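Biologist: Please take a close look at one part of this model for me. I would like the helix packing and what surrounds it, in one connected account.

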Amino acid sequence: MSLPRIPDSWRDRLPDPAGYYSPRIARLGLPNGSGYAVGLCPFHDDHNPSFGVKLTSARGHWCCYAGCGKGDMVTFHQRLTGLDFRSAVRELLEVRR
Ligand SMILES: [Zn+2]
């Protein structure tokens, strides 16, 4: 079984960050003037929203202010699912908004 190639244009075909993160980040708020929204971090036991994500960034850059790190939509999806980079990209291209 061979997996389909990742299209070269995958960066342009990532899901919309707001549509992707909304169902995955509890208590995600509305973006501020810079496009950042804050919600509960899924990577630690978060009771005081410390996960910031830039919803206006096509790459969906995020950062946990409590120290879980930062990255883009692909690294977030990898961390959430445990998938390797290529599998995570493939799955993201399948996400429906
Ligand atoms: Zn965190």
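Modeller: Ser34 sits in the loop that links H1 to strand S1 (36-39). The model is predicted. Ser34 counts as exposed because it has 8 C-beta neighbours inside 10 Å, and the cut-off for exposed is 12 or fewer. Its C-alpha atom is separated by 30 Å from that of Leu83, 49 residues apart along the chain.

Now the helix pair. Helix H2 covers residues 73-81, and helix H3 covers residues 85-94. They pack at an angle of about 105 degrees. Their axes are 9 Å apart. H2 is therefore roughly perpendicular to H3, since that class takes angles of 65 to 115 degrees. H2 brings Met73, Val74, His77, Gln78 and Thr81 to the contact. H3 answers with Phe85, Ala88, Val89, Glu91 and Leu92. By class, this contact has six nonpolar, three polar and one charged residues.

Next, the core. The largest nonpolar core has 15 residues. Those touching the most other members are Tyr21, Phe51, Val53, Met73, Val74 and Leu92. Two or more residues each come from helix H1 (17-21), strand S2 (51-54), H2 and H3. Met73 and Val74 of H2 and Leu92 of H3 also take part in the helix contact.

Tyr21 deserves a separate look. Leaving out residues up to four places away in sequence, Tyr21 touches Leu28, Val53, Leu55 and Gly60. Val53 is, like Tyr21, among the core residues that touch the most other members.

How values were computed: Residues numbered from 1 in each chain as written. Predicted model: local features only at pLDDT ≥ 70, side-chain atom pairs only at ≥ 80, totals over all residues. Axes fitted to C-alpha atoms, helices over the stretch in contact; angles between N-to-C directions. Helix = DSSP H or I, 4+ residues; strand = E, 2+ residues; numbered from the N terminus. Parallel < 35°, antiparallel > 145°, perpendicular 65-115°, else oblique. Contact = placed C-beta atoms within 7 Å. Nonpolar A, V, L, I, M, F, W, Y, C, P; charged D, E, K, R; others polar. Core = buried A, V, L, I, M, F, W, Y, C linked by C-beta atoms within 7 Å. Buried ≥ 20, exposed ≤ 12 C-beta atoms within 10 Å, placed from the backbone.
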